[in-house]
Amino acid sequence: MIIGLTGGIGSGKSSAALIFERLGIGCVDADRVAREVVEPGEPALAAILDHFGAGILTTDGHLNRAALRDRIFQDDEQRLWLEALLHPAIRQRMQQQLAAFQSPYALLVAPLLFENDLDQGCDESVLIDVSEDIQIRRVIERDGGSEAQARAIIDRQMSRADKRARADHIIDNSGTLAELEAAVVALHHSFMAKLPTQSPPGPTS
Ligand code: ADP
């Protein structure tokens, strides 16, 4: 069973994922996988180099993200080419990592779970949900920056109402971290109860 975990910036996804991990649940971070597939030595980076030329790399052979952004900015054809390359590579690696866990179920943590339709590959989805005011306060406390910057990031993400409508489970994280932990533990128990019970090994003949 794969559970998709999402929420807007500063909603508490990472905090919730950490609690699931402490309960023994394997977590894959979609953003981390997206960075891994373009590391030096990866086939996707070789394809990007082939397509865009050497200017797409930094002097130490890593992907120059700013240069890549410039190349696909306002060029739909190039952006679609890149997405057709990266999306399958990211999905494949996520699936490999999720399948490798020994835990009873696994978690896919993705800020853009719904935006990128990643919930379609999950059995159930969980939204960590807080009001925009709390989101902004926690983002500023965590990352610094201004309220306007935090609001601009939130405005680019799918609306809270749309995410709430799409999620199978919603955890309200407007309370304390202890309350978040209690909500995660309760959900974990409900997932465990849905799993097929392991039958004891049969008699050997
Ligand atoms: P996300 O991964 O969704 O961006 P985080 O888990 O990093 O969000 O949470 C954002 C910030 O808010 C972090 O500094 C985290 O420690 C803090 N935080 C998360 N949940 C709570 C809570 N219930 N009470 C107080 N602070 C919280």
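How many helices and how many strands does the protein chain have? It has nine helices and five strands; helices (H or I, at least four residues) and strands (E, at least two) are DSSP runs, numbered from the N terminus. This is a predicted model, in which local features need pLDDT of at least 70 and side-chain atom pairs count only at pLDDT 80 or more, while totals for chains, interfaces and linings use all residues. Residues are numbered from 1 along each chain as its sequence is written, and side-chain values use heavy atoms, with hydrogens and water left out.

**The whole chain**

Select the protein chain and colour it by secondary structure. From the N terminus on, its elements follow the order β-α-β-α-α-α-α-β-β-α-α-α-β-α. Along the principal axes, the C-alpha trace spans about 60 × 60 × 30 Å.

Next, consider the surface. The protein chain has an accessible surface of about 11900 Å², and carbon and sulfur atoms hold 51% of this area. Accessible areas come from the Shrake-Rupley method with a 1.4 Å probe; for residues, only the protein chains shown count as cover. Of the 205 residues, 38% are buried. Here buried means under 20% relative accessible area, exposed means over 50%, and partly exposed is in between (1.4 Å probe, protein chains only).

Contacts (heavy atoms within 4.5 Å) may be displayed next. Among contacts in the protein chain with a separation of 6 or more, 72% are between residues 24 or more positions apart.

**The ligand**

Select the ligand and display the residues around it. Which residues come nearest to the ligand? Of the 14 residues around it, the nearest are Lys13, Ser14, Ser15, Arg142 and Asn173; a residue is near a molecule if one of its heavy atoms lies within 4 Å of it.

Now look for polar contacts, which are pairs of N or O atoms within 3.5 Å; within protein, one must be able to donate a hydrogen and the other to accept it, and residues adjacent in sequence count only if both atoms are side-chain atoms. A polar backbone atom of Gly10 is 2.8 Å from an oxygen atom of the ligand. Ser14 has a polar side-chain atom 2.5 Å from an oxygen atom of the ligand. For Arg138, a polar side-chain atom lies 3.3 Å from a nitrogen atom of the ligand. The ligand taken alone exposes 560 Å², and the protein buries 77% of that area.

**Ser11**

Select Ser11, in the loop between strand E1 (2-6) and helix H1 (13-22). Is Ser11 buried or exposed? Ser11 counts as buried because its relative accessibility is 1%. Its side chain reaches the backbone oxygen of Gly8 at 2.8 Å. Not counting residues up to four places away in sequence, Ser11 touches Ile128, Val130, Gln135, Arg138 and Asn173.

**Ile136**

Move to helix H6 (residues 132-143) and select Ile136 within it. With a relative accessibility of 5%, Ile136 counts as buried. Leaving aside neighbours within four places in sequence, Ile136 is in contact with Glu147, Ala150, Arg151 and Ile154.

**Two loop residues with positive phi**

Select Gln74 in the loop between helix H4 (65-72) and helix H5 (76-100). Its phi is near 60°, a positive value in a residue other than glycine. Gln74 is exposed, since its relative accessible area is 73%.

Then select Asp117, in the loop between strand E3 (106-109) and strand E4 (124-129). The phi of Asp117 is near 55°, also a positive value in a residue other than glycine. Asp117 is partly exposed, with a relative accessible area of 32%.

**After helix H9**

Finally, go to the segment after helix H9 (177-194) and select Pro196. Leu195 also lies in the segment after H9. Why does Leu195 count as buried? Its relative accessibility is 17%, and therefore Leu195 counts as buried. Leaving aside neighbours within four places in sequence, Leu195 is in contact with Met1, Pro104 and Tyr105. Pro196, by contrast, is exposed, with a relative accessible area of 70%. To end the tour, select Pro196 and Leu68 together: 128 residues apart along the chain, they have C-alpha atoms separated by 46 Å.
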